[in-house]
Amino acid sequence: MQQIHIQGGKLLEGTINISGAKNSCVALLPAAILCSNKAIIDNVPDISDVYYLEKIIEQLGGKITKDNDHFEIDCNNIKNTAIKEEYSSKLRASYYFMGALLGKFHYVEMYFPGGCNIGLRPINLHLEGFKKLGAKVINQGNKYIIKADSLKGNFINLDFASVGATINILLAAVLAEGQTIINNAACEPEIVNVASFLTSMGAKIYGAGTSRIKIIGVKELKSGYTEVIPDRIEAGTYLIMGALIGKKITINNIIPEHIESLTSKLLESGAELEIYENKIIVSQNKVKNAINIKSQVFPGFPTDIGQPMGLYMTQLNGFSTYEETIYENRMQYTKYLNQMGANMNVTGQKLSIIGPTPLKGAYVTATDLRAGATMVIAGLIADGDTYIEEINHILRGYSGIIEKLQAVGANIEIIEI
Ligand code: EPU
């Protein structure tokens with residue numbers, strides 16, 4: 001079994017290059033199978049979620065040629081087969097093959113996707129969208145069969161601006177007959193990335209990045225190219241780390257506009273940020289004002305940075321609050337931070353924090369991906385040794401995390417026990 005071992009308390013200095021966005025890439029890879037020729041994707045992050053998506057594409061007959069972060073996917077021989085549960089259950093985003101296979105073959109057989117245990121995470125909006133396009137959904141235990149004689153464009157209003165449902169419906173609709181409108185669509189940058197990839201293949205998509213997306217179905221999608229956008233959540237995680245323990249850290253290869261809801265809160269709390277076109281330089285805060293945050297859909301404060309931000313708040317002066325509005329079960333990490341010395345109280349989806357509290361190294365668990373990254377930063381600012389269990393969650397979504405942190409001077413390593 002692997003653990004992460006950290007000796008904390010050391011100021012960090014240097015440059016961290018941000019990788020391609022996990023939540024974009026996990027949709028771009030399934031989207032690639034919609035094309036009938038070759039799909040090229042650059043800036044692919046080195047994370048285990050990508051590994052399992054590759055396995056699924058290969059199972060479907062796609063041939064992947066890689067050169068570091070450059071992926072070429074030959075889609076000439078893509079066939080429709082039931083996706084193995086051992087792959088689809090490894091990550092939530094395997095559900096994007098539902099939309100892609102439905103769009104391409106009008107038939108999908110797959111098991112309910114896995115992913116982080118951060119809430120109920122139903123997929124009713126995805127399935128309702130497929131039904132509006134003319135599909136029939138059959139649910140047998142944890143297996144879904146989704147089929148259609150033909151797919152026809154329709155008006156689809158999402159009850160909630162779901163990222164997954166917006167992308168999945170987009171994937172199914174690009175080859176459907178006629179016009180589809182997705183109303184109350186999610187506006188996250190990852191959706192724009194997927195839409196521009198599909199457009200490069202010949203899809204007709206208008207309004208991606210707004211809450212109303214129009215899709216005019218086309219008969220075929222040919223070759224496509226895209227570059228994965230920088231991971232705004234990875235960037236945010238390291239930015240928070242820099243504000244806590246940075247001597248001078250440059251967070252490079254980012255789009256600062258994608259994380260303005262975070263940088264504005266960091267500035268409000270007294271963080272020292274120099275914001276440039278594609279990088280931010282951050283040093284440890286001198287001023288530490290308490291702040292209040294509520295997670296929201298983009299461009300609001302992202303739920304995925306809520307846990308690192310909760311840790312940050314433990315080091316601010318006085319009473320800070322955080323309210324989680326997207327997921328029901330994203331507060332498990334507070335138990336471990338309290339063991340390390342934090343003063344965090346959870347009431348329902350509301351978290352109140354009294355700071356600043358020095359943290360002491362401890363044995364902790366990565367209960368999910370972002371909680372795991374939070375434990376890493378907690379270990380870096382804590383006095384003494386921290387050991388993190390269940391690190392597979394962290395490796396699912398943070399490309400080269402150990403190497404990147406070692407490069408800025410962190411005492412961090414993976415150990416076998
Ligand atoms: N929801 C429904 N029904 C649906 C779909 C969503 O009720 O059919 C609810 C969910 O239960 C949740 C909320 O809507 O309460 C948000 O779900 P959304 O569909 O927007 O999220 P997602 O597509 O499942 C993606 C990211 C998440 C990120 C959210 C919000 C991927 C693979 N995952 O999830 O990323 O939190 O969007 O931005 O893209 C993470 O990276 O740590 C992570 C959890």
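Aspartate 49 and arginine 396 form a salt bridge whose closest N and O atoms are 2.8 Å apart; the term denotes a side-chain nitrogen of Lys or Arg within 4 Å of a carboxyl oxygen of Asp or Glu. This is a predicted model, in which local features need pLDDT of at least 70 and side-chain atom pairs count only at pLDDT 80 or more, whereas totals for chains, interfaces and linings use all residues. Residues are numbered from 1 along each chain as its sequence is written, and side-chain values use heavy atoms, with hydrogens and water left out.

Aspartate 49 also forms a salt bridge with lysine 22, where the closest N and O atoms are 3.9 Å apart. That pair links distant parts of the chain, since lysine 22 belongs to helix 1 (residues 22–32) and aspartate 49 to helix 2, 27 residues apart. Helices (H or I, at least four residues) and strands (E, at least two) are DSSP runs numbered from the N terminus. In total, the structure holds 13 salt bridges. Side chains of opposite charge can pair when their charged atoms come close.

**Domain interface**

The domain assignment of the chain gives domain 1 (2–19 + 230–416) and domain 2 (22–227); such bounds come from an automatic or database domain assignment. The C-alpha centres of the two domains lie 30 Å apart. At their interface, 23 residues of domain 1 are in contact with 22 residues of domain 2, contact meaning heavy atoms within 4.5 Å. Domain 1 and domain 2 bury about 1900 Å² between them, with 51% of this on carbon and sulfur atoms. Buried area is the accessible area (1.4 Å probe) that two parts lose on being put together, summed over both. Two salt bridges are found across the interface of domain 1 and domain 2. By class, the side of domain 1 that touches domain 2 has seven nonpolar, eight polar and eight charged residues. Here Ala, Val, Leu, Ile, Met, Phe, Trp, Tyr, Cys and Pro count as nonpolar, Asp, Glu, Lys and Arg as charged, and the others, Gly among them, as polar.

**Strand pairing**

Two strands pair if DSSP finds at least two bridges between them. The following pairings are found.

| Strands | Sense | Bridges |
|---|---|---|
| Strand 2 (residues 12–17) and strand 14 (residues 246–252) | parallel | six |
| Strand 14 and strand 16 (residues 279–283) | antiparallel | four |
| Strand 4 (residues 63–67) and strand 5 (residues 70–74) | antiparallel | five |

Within strand 14, asparagine 252 is the bridge partner of asparagine 17, while isoleucine 251 stands opposite isoleucine 280 in strand 16. Lysine 63 is placed opposite aspartate 74 in strand 5. The hairpin of strand 4 and strand 5 has two residues between the strands, and asparagine 68 there takes a positive phi near 55°.

**Backbone exceptions**

Most residues other than glycine have a negative phi, and most peptide bonds are trans. Asparagine 43, although not a glycine, has a positive phi of about 65°; this asparagine is found in the loop between strand 3 (38–42) and helix 2 (48–59). A cis peptide bond joins phenylalanine 298 and proline 299, with omega about 10°, and proline 299 lies in the loop between strand 17 (292–294) and helix 10 (306–313). The peptide bond from glycine 355 to proline 356 is likewise cis, with omega near 0°. Proline 356 is located in the loop between strand 20 (350–355) and strand 21 (363–365).
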